[in-house]
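This briefing covers the ligand site and then the aromatic rings. Please keep the sequence and the structure in view while reading.

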Amino acid sequence: MSFSAENTDISNENLEINLLIEAVREKYGYDFSGYSRASLKRRIKKTLNESHSTSISGMIHRLIYEKEFFDLLLLDLSINVTEMFRDPLFFREIREKVIPVLSKQSSIKIWHAGCSTGEEVYSMAILLKEAGIYNRCQIFATDFNEVVLAKAKQGIFPISNIKESTKNYQKSGGTGSFTEWYTAKYDFAIVESSLQKNILFADHNLVTDGVFSEVDLVMCRNVLIYFDRPLQNRVLRLLSDSLSIGGFLAIGSKESIHFSGITGEFEKFSHTRKIFRKK
Amino acid sequence: MRERHFSCIVIGVSAGGLKALTSLFKSLPADFPVPTVVVQHEKADSGDLLAEILDHRTALSVRTAEEKEKLKDGVVYICPADYHLLIEEDKTLSLSVEPKVNFARPSIDVLFETAAIAYGKELIAIILTGASSDGAMGLMKVMEHGGYSIIQDSATAYSSYMPEAALRACPDVDDILPLQEIPSRLISLCRKGSFCDR
Ligand SMILES: C[S@@+](CC[C@H](N)C(=O)[O-])C[C@H]1O[C@@H](n2cnc3c(N)ncnc32)[C@H](O)[C@@H]1O
């Protein structure tokens, strides 16, 4: 028996992680408290090892005094893995089912939330071009990580990805020549500049910022999986509030709206992929 | 000898996985008392076929893991292709598209490391056939956290590379067993009030 009330319900490591999250939130305004812990912990430990910090507590000190160290951590915490036409059958559904509906409108707004380095946005732009409706579209592409956003804006990708991108493009129902959409230069593929014309890239944090604009299609794929249920619900609420009636919500194929408060506001639009239509 | 209680099994398998998993799960009863979570290396576009096949061929309920799902006893969860599968400390599942680990997504190391943290000494981890060294580090973490470790006897493995790599990393593994003997070992380990000398 001890007289001090030591809290043994929480491991020291988890306590350190909670304090780190709190420091990041107070100092930089990024709130990771609702992120799934197992992945967050792995990422924090990765930064710990690679930055040769002494401990998670030691990282907190560096985070407070070195902005550059925070930038590094943010890059590690925001998982930016993406590719052109990722999940090609999803893009086939967009091409064959969603775009015909959107085409009836005289102006179309699309929001990519969590766009990472932009591959998803340019894939969409290609579909819109091929459907002949690009000029009627305004595309907003947002992420909370400025480093990836800057890359997205540039539209320059490693040439080594092109083979996979071309394969995905074809699987998504693309019948044109994919080479039309980029110029190869040294080790890079530079996206065709006409694809960029109607895209607006902007910094937006789904956890702390509000409704972005009223749009007809929201794409938020492979972002919600990093949030715990309460945060997923909050963000889904935000996405729903950003959609016009009859607008579409597209999420990642392993994500769901089942357990959220917005289920009743949507009807299932695709049988094979997670595309919903606002009632 | 002291009583030991196990609450979860994790399995890592690669080349030759379907056959090995079928044979293993066929010998487990439908009321097996703990959840089992499996990472099998697969091609990115292979869909959810593996869970369907195994569900069909065995008495256990086998399904593709969904994110935020709470682990249930007697259910086998298979990681979907092209995602990492993690176990949270509240015993729910998470998916992630983090970069590949050991050239693999899903990675066995990722599952094992997070499972070790979530279950500690109540975890059993098994490395089966495979042509990769993924899982060796993870198994080490499981042992560090006091979990029980089993490596398939490489002589009975379709591909011996993965069991051998795991054994090199974990020479103190609890069991090295031929595939056919793993189910009965699991049944006796997971029986309520079972004893073991470690
Ligand atoms: C795995 S990527 C998904 C990229 C793309 N949508 C896809 O499916 O290929 C996840 C992205 O979500 C972003 N993200 C994570 N949390 C966010 C937040 N709170 N607000 C905005 N973006 C966020 C990350 O920076 C990262 O770029």
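Rings of Phe, Tyr and Trp (its six-membered ring) count as a pair if their centres lie within 6.5 Å; planes under 30 degrees apart are stacked, over 60 edge-to-face and the rest tilted. By this rule there are 16 aromatic pairs over all chains. The model is predicted: local features need pLDDT of at least 70, side-chain atom pairs count only at pLDDT 80 or more, and totals for chains, interfaces and linings use all residues. Residues are numbered from 1 along each chain as its sequence is written, and side-chain values use heavy atoms, with hydrogens and water left out.

**Aromatic rings**
- A:Phe90 and A:Phe91 form an edge-to-face pair, 5.3 Å centre to centre with 90 degrees between the planes.
- Both A:Phe90 and A:Phe91 are buried (under 20% relative accessible area, 1.4 Å probe, protein chains only).
- The A:Tyr169 and A:Phe178 rings have centres 5.0 Å apart and planes at 35 degrees, so this pair is tilted.
- A:Tyr169 and A:Phe178 are both buried.
- A cluster linked by ring pairs holds A:Tyr28, A:Tyr30, A:Phe32, A:Tyr35, A:Phe70, A:Phe144 and A:Phe227.

**Ligand site**
- The ligand lies between chains A and B, and 21 residues surround the ligand (a heavy atom within 4 Å).
- Among the closest are A:Tyr35, A:Arg86 and A:Asp143.

**Polar contacts of the ligand** (N or O atoms within 3.5 Å)
- A polar side-chain atom of A:Asn80 lies 2.9 Å from a ligand oxygen atom.
- A ligand nitrogen atom is 3.0 Å from a side-chain N or O atom of A:Glu120.
- A polar backbone atom of A:Gly114 is 3.1 Å from a ligand nitrogen atom.

Terms used. Chains lettered and ligands numbered in written order. Polar contact = N/O pair within 3.5 Å; in protein donor to acceptor, adjacent residues only side chain to side chain. Buried < 20%, exposed > 50% of the residue type's maximum accessible area, 1.4 Å probe, protein only.
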